[in-house]
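Here are my notes on this one, point by point. Have the viewer open while you go through them.

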Amino acid sequence: MQNDITFYQRFKSDILVGLKVITIRDRSESHFKVGDKLRVGTFETDEYFCTIKIISVTPITLEQLTEEHAKQENMTLSDLKKVISDIYPNENHFFVIHFSLL
Ligand SMILES: CC(=O)Nc1ccn([C@@H]2O[C@H](CO)[C@@H](O)[C@H]2O)c(=O)n1
């Protein structure tokens, strides 16, 4: 069966132990709805590794990111901003996707 969302392999272990409970995506991945159950795979190999349930999808800009978001990513705020800018150069409008592990 196809996966619904992918994460870079390096985040897999944090997701599986519940240390990473949000992801920040651009508009192309903002269509998920509260309650959706998503099959999650690795970006590199599309290998399935868990199922998550969407708790909320909230618009946000880079400047609005706080230490609370960083905590939910298991990162520092400066690391989080760097990661996002590396993945999405020249983008400022994002969506915080909050999820729980099923
Ligand atoms: C194809 C594609 O965009 N894949 C992505 C995009 C984002 N993310 C992670 O979400 C958080 C905020 O962006 C950070 O932890 C990111 O590394 C990810 O794992 N995989």
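1. Ground rules. Helices (H or I, at least four residues) and strands (E, at least two) are DSSP runs, numbered from the N terminus. This is a predicted model, in which local features need pLDDT of at least 70, side-chain atom pairs count only at pLDDT 80 or more, and totals for chains, interfaces and linings use all residues. Residues are numbered from 1 along each chain as its sequence is written, and side-chain values use heavy atoms, with hydrogens and water left out.

2. What the record says. UniProt, in an unreviewed entry, lists residues 5-102 under "domain: ASCH". UniProt positions follow the numbering used here, feature names are shortened, and annotations may be inferred rather than shown by experiment.

3. Five strands make an open sheet with mixed pairing, and the order is E1-E3-E4-E5-E2. At the edges sit E1 (5-7) and E2 (22-25), each pairing on one side only. From one strand to the next, the twist averages 45°. Two strands count as paired if DSSP finds at least two bridges between them; axes are lines fitted to C-alpha atoms (for helices, over the stretch in contact), and angles run from 0 to 180 degrees between N-to-C directions.

4. Who pairs with E4? E3 (residues 37-42) and E4 (residues 48-61) run antiparallel and are joined by five bridges. Within that pairing, valine 40 has cysteine 50 of E4 as its bridge partner, and glycine 41 stands opposite tyrosine 48. E4 is also antiparallel to E5 (residues 93-101), with nine bridges joining the two. There, lysine 53 faces serine 100 in E5.

5. The E3-E4 turn. These two strands form a hairpin with five residues between them. Aspartate 46, in the loop between E3 and E4, has a positive phi of about 60° although it is not a glycine. Its relative accessible area is 39%, so aspartate 46 is partly exposed. The classes work like this: buried means under 20% relative accessible area, exposed over 50%, and partly exposed in between (1.4 Å probe, protein chains only).

6. Another positive phi. Most residues other than glycine have a negative phi, and most peptide bonds are trans. Asparagine 90 has a phi near 65°, again a positive value in a residue other than glycine. Asparagine 90 belongs to the loop between H3 and E5 and is exposed, with a relative accessible area of 84%.

7. Salt bridges. How many does the structure hold? There are four salt bridges, each being a side-chain nitrogen of Lys or Arg within 4 Å of a carboxyl oxygen of Asp or Glu. Lysine 12 pairs with glutamate 47, and their closest N and O atoms are 3.9 Å apart. That pair links distant parts of the chain, 35 residues apart: lysine 12 is in helix H1 and glutamate 47 in the loop between E3 and E4. Lysine 12 is partly exposed at 24% relative accessibility, and glutamate 47 is partly exposed at 37%.

8. Two buried pairs. Glutamate 73 and lysine 20 meet in a salt bridge at 2.4 Å, N to O. Glutamate 73 lies in the loop between helix H2 (67-72) and helix H3 (77-87), and lysine 20 in the loop between H1 and E2, so the pair ties together parts 53 residues apart in sequence. Glutamate 73 and lysine 20 are both buried. Arginine 25 and glutamate 29 form another salt bridge at 2.9 Å, N to O, and they too are buried.

9. A nonpolar patch. Leu16, Val17, Leu19 and Leu101 make a nonpolar surface patch of about 340 Å². Patches take residues with over 30% relative accessible area and no salt bridge, joining like charges within 9 Å and nonpolar side chains (Val, Leu, Ile, Met, Phe, Trp, Tyr) within 5 Å. Accessible areas come from the Shrake-Rupley method with a 1.4 Å probe; for residues, only the protein chains shown count as cover. Valine 17 is in the loop between helix H1 (12-16) and E2, and is exposed at 61% relative accessible area.
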